[in-house]
Every structure is written in structure tokens, then in C-alpha cells.
Amino acid sequence: MPVVFIVAILCIAFEDKIKINKAAIAVFSAILLWGMLFVGADEILSLGESTAFSDFKKAVPSISELPLHEQYFSFLSNFAIIEHLGDVATTLFFVIGSMIIVEIVDSHGGFRVITNRIHTRSKRRLLVIISLLTFFLSALLDNLATAIVMIAILRKFIDDKHDMWIFCSMVVIAANAGGSWSPIGDVTTILLWSGGNLTPAHQIGKLFLPALVCMLIPLTIVYFTMFKQTDRWNKHRQVHVENDALPQIDKRSRIIILVIGVLSLAFVPVFNELTGLPPFMGVMCGLAVLWMYTDIMYSRIDSIEDKDRLSIANVFHRLDMSTIMFFFGILMSVAALDTAGQLAQTSGWLDEHLHSPLLISFILGLASSFLDNVALVAGTMGMYSIVTDPAAGAYALQFATDGAFWTFLAYCCVTGGSILIIGSATGVSVMGMEKLTFGYYLKKFTPLALAGYICGAAIYLLL
């Protein structure tokens, strides 16, 4: 089973070479792993490595009266797969809700409120504005959505291919850095928050400064080495590009849509703290409010054609389902390994040979530069249980909620994805949108991203 998973991860990393969509690989991996677990349950679970099965027997003592084969089958079919599917569904609904909110804001011209306020013609100043805007927006909208929005904005300013690649590379670094200090900034941080490994206030307080340093180091180097102080655009490009339907939406409505969308995501942690409901309910609540507001707004539009073009139903058609299926496949694959007990074995091996949670986090961050960070973090969460006993030793408490291991893992696995352009969904998306080559990024920006990663990690350790 671990061999199948590793092969799947390698196929995902080399998606552009084998020409098979990573979502298909991830989903096939999940089905194959669960199939192997069901078929080989007698051999796998009889080894006694599955803590989930042990916990199940303690919770349901009557199951011990059944023959072993029936115990295994009942555990897998009636408990394990259903429980993991529920956990995965909460993450997927969160991602789906946030993706729809961002798409609604973008399709209704909400982000134009921001772009129309950028007037500088200095490349250096624009670099700083774009990097800082990306850093903070990615904490609210998630790094992938923010990167897509920022590339759309840059296309309205930059017409030189070389300059565009410089800006795009900084967007990748800034987006991943910004996503690391927010509980909703990246899929991996969503996993850590929804899994109870981190709380929003702790993550923001501990990781904001390291993440900022991670972004500022490359930004400073690019600012002074790749652009001169006198560099300007060859021509002032038109920022305002109209959509046929957008004139129907007045400026006030665009601002309201932008505010509702951003607040819907920014206040999810507050919603969770006040109500105790899972985070995806907060996102869905914000989506419902935004949906109702836009429906009321459409009632004032006379043209049926414009109503259909702007309707939320059209936004659902544009939802990137391949990304959703990829997350489903990865998370369910990891769940199969967790249920079988292989992740617990791996964590024991790491503890024995490294015995340094922070070093493990740092190495996993480096690995996320070429392996998918969602799989790495999900796998790590399966390897290590959250320590709940306050009397546990100092080493064990690093794995408690808000422990140093989980906090540093959030920083490392998100920002480590910037070291190579293929190390994050953000980088891969930008790579595809602007035809940014792997070799260019490796030569020009990998050393800068690595320097930022190390400096940010040093700041966290010093603090």
C-alpha cells in the first residue's frame, strides 16, 4: 500500500510528463488503496498496527463476539470509510465554498475596485504593491485563488514577457508565504485547523512574522537586482477592461460584493469560535448571504440575457471540479494508509531515527518543493496523533494542539512549495497560465525562495 501511494505521488509530481491529470491519479490511488485494504483485511489488520481498529473494538465491545473476518469487515465498511469520508467532506465543502465566493467576486467585477486604485508606473513600486497585496489577500482568499486574481491584474499592466515572469514568480512566493500564516490561506492549513491541530489565533500570532520575512527576503533581492529605479512600462496599459454584462452592475454593488466576499472568508474563524460549528458551515453561511444579495441585485436588471450571464448557477459551471477530485483522492488515499496502520509505523521510524519534531517539519517543507503538500500534511496528520494529556513530557507536548510541531509544519509545508515552481498548486497554475518555464524559475527564483524559507524558519525558531 505505501508503494502504491508513493508511485501515485511521483506520477502527480510529473503530471506534465506523463500527460495524465493528477485528479485521475489521486482518485484511482484512493480506490486502489481502499480495495487492497478490504481484500487484504485479514492479513493487514491482524498485524495489530491499526490503532483505529483497536479504538473501534473498545468503543463497540460487542463486536468481539463476531469471527475475526466479520470484525474486520464491519470495522472497515460501517465505521472507517464512513468516518474518513465525513472528515474529507468537511474539507471539500470548505474548499468548494471558498472557490465559489472568489469566483462570484471576480465575475462581478469586485476585484476591479482594487485594480483601479493602482496608478504607479514604476516597476519597482508595482512589484512591492503586487507582492504585499498578494501576501495579505492570500490569507483571506487562499493562495491559489489569490494568485489567479493577481495574474489577471498583472496582465492589465505588464506587456513584456520577461517582466511578467519576474512578477509571476514573486506572486507564487508571496501567495504561499501569505497562505502559511492564515487558517484559510491554503488547503493544508485548512486541514490542520479543521483537524484540531492548530487554532487560528495561535497560527496567526506565531507565523505572521516568519511568513513576512519569507516573502520580504526574495522581494528585497528582486527589487534591487532585477529592476532599476528608473524602469517604467513601455506604454501605460489600460487597466479597465469591460465585460459585456458588467456595466449592469454599479460601482456600489461591486464594492458590496467584494466586502461580503472577503468578510465571508475572513470571519470564518470568528464564526467557528462563536458558534462551535465546523469551519465549512461558516463559509457556506457567507456564500448564502452573497447569493441572496446577488439575487436581489439581479431583480433590478431588465435584460434576461444579462441575468443568466451573471447568475450564480453559471459560477457553479465554472467550478474547477478536477481540483476538488484531486483533494478527495489524496485525502482518501491517506485515510486508507492511516486505517491500515502504516502511517503510525512511519511516525515511529521517524521518532526513532530523527527524534526532533522541528527537524521533521523542516525536512517535510523541503520535500513539499517537489511533492504535493496536501498529501504530505494529510499523511503527517495521520502519522501523529494530537496529544491531549497536559502532563505529557516536553517532547510529546510538541504534538498537542498548537504545539510547535504543527505550527512549524504549517509554515514549512506551505512556504516550502515555493522552492520549485511545481511544488504547489499556486506555482503549477501560474506556470500554466503564463507559460513560465521550470528552468527559468529554478535558475532565477529557487535560490531566492530557499533563502526566504530558511530565514523565515530561523525567525520562527528564534521566537
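The model is predicted. It holds 1 salt bridge, formed by the side chains of Asp163 and Lys123. Helix H10 packs against helix H9 at roughly 155° and against helix H8 at about 30°. Thr134 and Leu420 are buried, whereas Val39 is exposed.

**The salt bridge**

- Side chains of opposite charge can pair when their charged atoms come close.
- The structure has 1 such salt bridge.
- Asp163 and Lys123 form the salt bridge, with 2.4 Å from N to O.
- The pair links distant parts of the chain, 40 residues apart.
- Asp163 belongs to helix H10, residues 161–180, and Lys123 belongs to helix H8, residues 123–141.
- Asp163 and Lys123 are both buried.

**Helix H9 against helix H10**

- Two packed helices are described by the angle between their axes and the distance between the axes.
- Helix H9 spans residues 143–154, and its axis comes within 9 Å of the H10 axis.
- The two axes cross at roughly 155°.
- An angle over 145 degrees counts as roughly antiparallel, so H9 and H10 are roughly antiparallel to each other.
- The crossing of H9 and H10 is right-handed.
- On the H9 side, the contact is made by Asn143, Ala147, Met150, Ile151 and Leu154.
- On the H10 side, the contact is made by Met164, Phe167, Cys168, Val171, Ala175 and Asn176.
- By class, this contact of H9 with H10 has 9 nonpolar residues, 2 polar residues and no charged ones.

**Helix H8 against helix H10**

- The axes of H8 and H10 lie 7 Å apart, and the helices pack at an angle of about 30°.
- Angles under 35 degrees count as roughly parallel, so H8 and H10 are roughly parallel to each other.
- H8 passes H10 in a right-handed crossing.
- H8 brings Lys123, Leu126, Leu127, Ile130, Ser131, Thr134, Phe135, Ser138 and Ala139 to the contact.
- H10 brings Asp163, Phe167, Met170, Val171, Ala174, Ala175, Ala177, Gly178 and Gly179.
- Sorted by class, the contact of H8 with H10 has 11 nonpolar, 5 polar and 2 charged residues.
- Lys123 and Asp163, the partners in the salt bridge, are among the residues of this contact.

**Thr134, a buried residue in H8**

- Thr134 sits in helix H8.
- Its relative accessibility is 0%, so Thr134 counts as buried.
- Beyond its neighbours within four places in sequence, Thr134 is in contact with Thr146, Met150, Val171, Ala174 and Ala175.
- Among these partners, Met150 also takes part in the contact of H9 with H10, on the H9 side.

**Leu420, a buried residue in a loop**

- Leu420 is found in the loop between helix H23 (404–415) and helix H24 (425–434).
- Leu420 has a relative accessible area of 15% and is buried.
- The cut-off for buried is under 20%.
- Leaving aside neighbours within four places in sequence, Leu420 is in contact with Ser369, Phe370, Phe438, Tyr441, Leu442 and Thr446.
- Leu420 and Tyr441 are 21 residues apart in sequence, and 7.3 Å apart in space from C-alpha to C-alpha.

**Val39, an exposed residue in H3**

- Val39 has its place in helix H3, residues 22–39.
- With 75% relative accessibility, Val39 counts as exposed.
- The cut-off for exposed is over 50%.
- From C-alpha to C-alpha, Val39 and Phe73 are 9.5 Å apart in space, and they are 34 residues apart in sequence.

Key: Residues are numbered from 1 along each chain as its sequence is written. This is a predicted model: local features need pLDDT of at least 70, side-chain atom pairs count only at pLDDT 80 or more; totals for chains, interfaces and linings use all residues. Side-chain values use heavy atoms; hydrogens and water are left out. A salt bridge is a side-chain nitrogen of Lys or Arg within 4 Å of a carboxyl oxygen of Asp or Glu. Helices (H or I, at least four residues) and strands (E, at least two) are DSSP runs, numbered from the N terminus. Buried means under 20% relative accessible area, exposed over 50%, partly exposed in between (1.4 Å probe, protein chains only). Axes are lines fitted to C-alpha atoms, for helices over the stretch in contact, and angles run from 0 to 180 degrees between N-to-C directions. Angles under 35 degrees count as roughly parallel, over 145 as roughly antiparallel, 65 to 115 as roughly perpendicular and the rest as oblique. A crossing is left-handed if the near helix is turned anticlockwise from the far one by less than a right angle, and right-handed if clockwise. Contact means heavy atoms within 4.5 Å. Ala, Val, Leu, Ile, Met, Phe, Trp, Tyr, Cys and Pro count as nonpolar, Asp, Glu, Lys and Arg as charged, and the others, Gly among them, as polar.
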